[in-house]
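Look at the model first, then read on.

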Amino acid sequence: MDAARTYSAAAHAFCELARRIPPDAWDGPGLGDWDLRSLVGHASRSFVTVSTYLRTTAAREDVTDAVDYYVRMRDYAAGLGAADVAERGRKAGRDLGDDPVTALTELMVRALDDVAAAGDPVIEVIGGLGIRLSGYLPTRTFELAVHGLDVARAAGLTFELPTEVLAEVTALAARIAVGLGDGEAVLLALTGREPLPPGFSAV
């Protein structure tokens, strides 16, 4: 399953980045309202949710792929509210404990082992929706890649994503933009015709 291989590459790259975070940076700025620990904690949910959702079985496949997932999740996330999302990240950061790198690595290993043993089942994800594992994993690869870049910028570190990861998540971002009706704007920006609107995000 190509999705599993790319997810593994993103997972290892993210954990290797976390190992290079200076000790005094963990309590420093991360992203928005998050300190760096909370940002890493938020990203660690890309391991936690995989292991958790693989313990579920969905009755049907409601979500067709990663693009469909993000299109559906935009409205769901808006309903949660920014404060709930922020607190979830802070809690995930606290859950990493006194040795966040070791805890993060253990979560990664568990998730990758779970994926390797799973096949491609239809799992139940947030909102009770059913999606195949092969459709869900690219969303986690996307989160690890984007937040890996966030972590590196916040900590003042260099970070080079594996080529296959960068190719997958960049293409996924473009496909999400199309799914949300913003494909033309992204195409014009990528071809140097028009700038994207201030604050634009594909997700």
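## Terms and source

Two residues are in contact when they have heavy atoms within 4.5 Å of each other. Helices (H or I, at least four residues) and strands (E, at least two) are DSSP runs, numbered from the N terminus.

This is a predicted model, in which local features need pLDDT of at least 70 and side-chain atom pairs count only at pLDDT 80 or more, while totals for chains, interfaces and linings use all residues. Residues are numbered from 1 along each chain as its sequence is written, and side-chain values use heavy atoms, with hydrogens and water left out.

## T105 in helix α5

T105 is part of helix α5. T105 touches C15 and R19, leaving out residues up to four places away in sequence. Its C-alpha atom is 8.6 Å from that of H12, although T105 and H12 are 93 residues apart along the chain.

## Helices α1 and α6

The axes of α1 (residues 2-19) and α6 (residues 133-155) come within 9 Å and cross at roughly 25 degrees. Axes here are lines fitted to C-alpha atoms, for helices over the stretch in contact, and angles run from 0 to 180 degrees between N-to-C directions. Angles under 35 degrees count as roughly parallel, over 145 as roughly antiparallel, 65 to 115 as roughly perpendicular and the rest as oblique. The two helices α1 and α6 are therefore roughly parallel to each other.

Their crossing is left-handed, a term used if the near helix is turned anticlockwise from the far one by less than a right angle (right-handed if clockwise). On the α1 side, the contact includes Y7, F14 and L17; on the α6 side, it includes L137, R140 and L144. The residues of this contact are 12 nonpolar, 5 polar and 1 charged. Ala, Val, Leu, Ile, Met, Phe, Trp, Tyr, Cys and Pro count as nonpolar, Asp, Glu, Lys and Arg as charged, and the others, Gly among them, as polar.

## Helix α2 and its partners

Helices α2 and α5 pack at an angle of about 25 degrees, with axes 8 Å apart. These helices, α2 and α5, are therefore roughly parallel, and their crossing is left-handed. Among the residues in contact are R37, F47 and V50 of α2 and L104, A111 and D114 of α5. By class, this contact of α2 with α5 has 10 nonpolar, 2 polar and 3 charged residues.

Helix α1 also packs on α2, at an angle of about 145 degrees and with the axes 12 Å apart. This contact is made by Y7, A11, F14 and C15 of α1 and V40, A43, S46, F47 and V50 of α2. It divides into 8 nonpolar, 1 polar and no charged residues.

Which residues have the most contacts inside the largest nonpolar core? They are Y7, F47 and Y69, in a core of 58 residues. Such a core is a set of buried Ala, Val, Leu, Ile, Met, Phe, Trp, Tyr and Cys residues joined through side-chain atoms within 4.5 Å. Helix α1 gives the most to this core, with 11 residues. In soluble globular proteins, nonpolar side chains tend to be buried together.

W26 lies in the loop between α1 and β1 (29-31). W26 is buried, with a relative accessible area of 9%; buried means under 20%, exposed over 50% and partly exposed in between (1.4 Å probe, protein chains only). Beyond its neighbours within four places in sequence, W26 is in contact with residues including A18, L36, V40 and P100.
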